[in-house]
Amino acid sequence: MRRRESVVAVDIGGTNIRAALVSPSGEIQHKVTVRNTFHDGVENMITRLISVIDQAMDAAEMSGVTIAGLGVASAGQINNFGKIIGSCILDSDLIGIDLGQILRDRYASPVVVDNDGNAGVLGEYLHGAGRGYRSVIGLVIGTGVGGGVIIDGKLHRGATGAAFEVGHISVDFNGPRCQCGNIGCLELYSSGTGIARLGEEAMGRPITSEELFELARQGDTTSIGVLTKAGRALGTAIASLSHLYNPEIVLLNGGVAEQGDFFLNFVKDGLDVQTMPVYRVPLKLGELGAEANLFGAAELIRTYLKTQ
């Protein structure tokens, strides 16, 4: 019975925290958003989180809707029990916070917490551009680079739950050192901040990734050179992931991916020459955008409830 009840899906991002009621059929019925930052302390972040969940719960009660559980997508490396065990973008005082237990204690309800990249690929797999496939790689190219992978219809989470930290695989062994400690990470080249870094180096002045894309569309050769380098780095990573996981399709979401086919063409230039023929698969944009995380979070808790 519980699996047919509505659930609350939550997406904890660096800009916003969002909570939504999701019906048994997968329809978002009510959504609440508050602004967020990861840099003003644990208590403030938890207060904002509880605020949006409480509002979603209140909306459910007013509508006579019963909540079966909570599914939460969050930035950071999340273990199998819902604890944040690592991150390059979260403040250090958030590492070790057991989000799952905090929410279970407050709401006396089943709770599943997972990485937002995992939730995003799961959402696209079930409700977006990944429908009809069994093995899908999903990448989120935004301020950073994240993602997840579905193998034979199952989300791959790894031994501790923190698999697929794709933004921190190296694409340049002679590159700069990343804040994670590695050298030449993908995130340093193909994320929004990485593209801006490359642009500043090339132009000798601060510039945003959005400005670089606009200049490149106008034919500016320096900007085109920057995007060629960023696209080649991402193509290199996708080629390696394709050789490793043998997916049927690769999907891109996130702010940089919203540049559409203009950006995809830069990525494909690097991808096509570095991928063995048998591993070449479609590279497409996701269909759900930021909603992918909410749909994925809802599925995470529904999958858990099916086992109970």
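The charged end of Arg197 sits over the ring of Tyr189, 5.3 Å from its centre. Such a charge counts as over a ring if NZ of Lys or CZ of Arg is within 6 Å of the ring centre and within 35 degrees of the ring normal. This is a predicted model: local features need pLDDT of at least 70, side-chain atom pairs count only at pLDDT 80 or more, and totals for chains, interfaces and linings use all residues. Residues are numbered from 1 along each chain as its sequence is written, and side-chain values use heavy atoms, with hydrogens and water left out.

Next come the aromatic rings. A pair of aromatic rings is described by the distance of the centres and the angle of the planes. Rings of Phe, Tyr and Trp (its six-membered ring) pair if their centres lie within 6.5 Å; planes under 30 degrees apart count as stacked, over 60 as edge-to-face and the rest as tilted. The whole structure holds 4 aromatic pairs. One of them joins Phe164 and Tyr245, with 5.9 Å centre to centre and 55° between the planes, so the pair is tilted. Phe164 lies in the loop between E10 and helix H4 (187–190), while Tyr245 belongs to helix H7 (residues 221–245). They are 81 residues apart, and the pair links distant parts of the chain. Helices (H or I, at least four residues) and strands (E, at least two) are DSSP runs, numbered from the N terminus.

Phe164 has a relative accessible area of 11%, so Phe164 is buried. Tyr245 has 22%, so Tyr245 is partly exposed.

Phe213 and Phe262 form an edge-to-face pair, 6.4 Å centre to centre with 65° between the planes. Phe213 is in helix H6 (residues 209–217) and Phe262 in helix H8 (residues 261–274), 49 residues apart. Phe213 is buried because its relative accessibility is 1%. Phe262, at 23%, counts as partly exposed. Ring pairs link Phe213, Phe262, Phe263 and Phe266 into a cluster.

Now turn to Ala20, in strand E2 (residues 16–22). Its relative accessibility is 0%, so Ala20 counts as buried. Which residues does Ala20 touch, not counting those up to four places away in sequence? They are Val7, Val8, Ala9, Ile28, His30, Lys31 and Leu294. Contact means heavy atoms within 4.5 Å.

Ala75 sits in the loop between strand E4 (67–74) and strand E5 (77–78). Ala75 is buried because its relative accessibility is 5%. Leaving aside neighbours within four places in sequence, its contacts include Ile12, Phe38 and Asp116. Ala75 and Gly86 are 11 residues apart in sequence and 9.8 Å apart in space, C-alpha to C-alpha.

Ser109 is in another loop, between helix H2 (99–107) and strand E7 (111–115). With a relative accessible area of 12%, Ser109 is buried. Beyond four places in sequence, Ser109 touches Ala68, Gly69, Leu70 and Arg104.

Notes
Buried < 20%, exposed > 50% of the residue type's maximum accessible area, 1.4 Å probe, protein only.
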